[in-house]
Amino acid sequence: MTPTERAQVWQQHIADWEVSGVSGSAYCKQQSLVYHQFVYWRQKLTPTDDSPKQAQTVTGFARVVSAPGAGIGGADGLTVSLPGGVSITGLHAGNIELLGAVLRQL
C-alpha cells in the first residue's frame, strides 16, 4: 500500500468515526484498529486552525466549572457530560468510583 493509499484509508476511517457517535477507542475496537495509530492519523489528517489563538494543551483532564446556583452536595449531585451527548448524573462521593469504571469502558 502506498503512503497516499494509506492516508486515504485512514481518512475514510476518520470520516466514518465522526458520524458513528462512538468514542475513538470504541470505534477502533469495532473496526479492529490500533488506537494509537488512529490518534496519529486523526491528528495528521484533521485540519488545524492556524490562527494565533491561545494554544490548548491536551492533558487528559477536563476543566470543571461550577454551574450557577449549584452547591456542593446538592440534591442532584454532579453531572458529567461527555462528547456524543452522553451524560452521567447523580455522582457524589459515595459513587464516584462508578464514574471511573464507566469511563474506562469508553
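This note goes through the nonpolar cores, the aromatic pairs and a few individual residues of the predicted model.

1. Basis of the values. The model is predicted, with local features needing pLDDT of at least 70 and side-chain atom pairs counting only at pLDDT 80 or more, while totals for chains, interfaces and linings use all residues. Residues are numbered from 1 along each chain as its sequence is written, and side-chain values use heavy atoms, with hydrogens and water left out.

2. The largest core. Ala7, Trp10, Ile14, Trp17, Tyr27, Cys28, Phe38, Val39 and Trp41, 9 residues in all, form the largest nonpolar core, a term for buried Ala, Val, Leu, Ile, Met, Phe, Trp, Tyr and Cys residues joined through side-chain atoms within 4.5 Å. At least two of its residues come from each of α1 (3–20), α2 (24–31) and α3 (35–45), and α1 gives the most, with 4 residues. Helices here are DSSP runs (H or I, at least four residues), as strands are (E, at least two), numbered from the N terminus. A second, separate core has 5 residues, including Val80, Leu82, Ile88 and Leu99.

3. His13, in helix α1, counts as buried because its relative accessible area is 16%, where buried means under 20%, exposed over 50% and partly exposed in between (1.4 Å probe, protein chains only). Leaving out residues up to four places away in sequence, His13 touches Tyr27, Gln31 and Leu33, contact being heavy atoms within 4.5 Å. With neighbours within four places likewise set aside, the contacts of Tyr27 are His13, Asp16, Trp17, Ser20, Val22, Leu33 and Phe38. The C-alpha atoms of His13 and Phe38 lie 8.4 Å apart, although these residues are 25 apart in sequence.

4. Aromatic pairs. The structure has 5 aromatic pairs, meaning rings of Phe, Tyr and Trp (its six-membered ring) with centres within 6.5 Å, called stacked when the planes are under 30 degrees apart, edge-to-face when over 60 and tilted for the rest. Tyr40 and Trp41 make an edge-to-face pair, at 5.4 Å centre to centre and 85 degrees between the planes; Tyr40 is partly exposed at 44% relative accessible area, whereas Trp41 is buried at 12%. Trp17, Tyr27, Tyr35 and Phe38 are joined by ring pairs into a cluster.

5. A backbone point to check. Ser32, in the loop between α2 and α3, has a phi near 55 degrees, which is positive in a residue other than glycine. Most residues other than glycine have a negative phi. Ser32 counts as exposed because its relative accessibility is 67%.
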